[in-house]
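Please keep the structure in view while reading.

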Amino acid sequence: MHIAISFKSTKFDVSKERTNPINPIFGESLLKWFKSEIEPDFDVTEPDAEDWGWYSYIDWKGRQYILGASTYFEEGNDPKSELEWVLQIDKSRTFI
């Protein structure tokens with residue numbers, strides 16, 4: 001099952017994110033915050049870039065899930081403004 005949660009927030013500062021080398025999409029700051037809030041109870045990988053945003057993996061109850069995060073922000077916009085974020089949660093599956 002694929003879950004997408006959309007929300008608006010000023011909590012995450014995209015101006016402090018690393019540059020996404022694939023596509024200029026932000027989302028790393030949301031995943032870093034998420035990781036800091038739930039560790040050490042859950043194992044979450046460091047965020048990495050993808051063409052649609054940023055992702056991390058989380059292990060929960062013996063299963064692996066991918067967390068995806070993205071927001072739209074253009075150069076020159078105020079990084080402290082309220083941005084619309086999308087957090088996606090998807091269970092990793094195999095063909096077997």
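In this predicted model, the count of aromatic pairs comes to six. One of them joins phenylalanine 12 and tryptophan 85: the ring centres are 5.2 Å apart and the planes meet at 75 degrees, so the pair is edge-to-face. An angle over 60 degrees is what puts a pair in that class. Phenylalanine 12 sits in the loop between S1 and H1, while tryptophan 85 belongs to strand S6, so this pair ties together parts that are 73 residues apart in sequence. Phenylalanine 12 has a relative accessibility of 7% and therefore counts as buried. Tryptophan 85 is buried too, with a relative accessible area of 0%.

A second pair is made by tryptophan 52 and tyrosine 55, with 6.5 Å from centre to centre and 50 degrees between the planes, which is a tilted arrangement. Tryptophan 52 is partly exposed, because its relative accessibility is 34%. Tyrosine 55 has a relative accessible area of 16% and is buried.

**The fold of the chain**

Along the sequence the order is β-α-β-β-β-β-β. Helix H1 covers residues 28-38, and its buried residues are Glu28, Ser29, Leu30, Leu31, Lys35 and Ile38. What covers these buried residues? Among the elements that do so are strand S1 (2-9), strand S2 (43-44), strand S4 (53-60), strand S5 (63-71) and strand S6 (83-91).

Does the radius of gyration agree or disagree with that of a compact globule? For 96 residues, such a globule would have a value near 12 Å, and the chain has 14 Å, which agrees. The C-alpha atoms fill a box of roughly 45 × 30 × 20 Å, taken along the principal axes. Buried residues make up 32% of the 96 residues. Of the contacts between residues at least 6 apart in sequence, 54% join residues at least 24 apart.

**Single residues**

Leucine 67 is part of strand S5. With a relative accessibility of 3%, leucine 67 counts as buried. Which residues is leucine 67 in contact with, leaving aside its neighbours within four places in sequence? They are Leu31, Phe34, Trp54, Tyr55, Ser56, Ile58, Gln88 and Ile89. Leu31 is also one of the buried residues of helix H1, and Tyr55 is the tyrosine of the tilted pair described above.

The peptide bond from glutamate 39 to proline 40 is cis, with omega near 10 degrees. Proline 40 is placed in the loop between H1 and S2, and its relative accessible area of 79% makes it exposed. Lysine 61 has a positive phi of about 55 degrees, although it is not a glycine. Lysine 61 lies in the loop between S4 and S5 and is exposed, with a relative accessible area of 70%.

Lysine 16 belongs to the loop between S1 and H1. At 70% relative accessibility, lysine 16 counts as exposed.

| Residue pair | Apart in sequence | C-alpha to C-alpha |
|---|---|---|
| Lysine 16 and serine 29 | 13 residues | 7.7 Å |
| Leucine 67 and leucine 83 | 16 residues | 19 Å |
| Proline 40 and aspartate 78 | 38 residues | 33 Å |

Serine 29, in the row with lysine 16, is one of the buried residues of helix H1.

Methods. Residues numbered from 1 in each chain as written. Predicted model: local features only at pLDDT ≥ 70, side-chain atom pairs only at ≥ 80, totals over all residues. Heavy atoms only, no water. Buried < 20%, exposed > 50% of the residue type's maximum accessible area, 1.4 Å probe, protein only. Helix = DSSP H or I, 4+ residues; strand = E, 2+ residues; numbered from the N terminus. Contact = heavy atoms within 4.5 Å. Rg over C-alpha atoms; globule rule 2.2 N^0.38 Å. Phe/Tyr/Trp six-rings, centres within 6.5 Å; stacked < 30°, edge-to-face > 60°.
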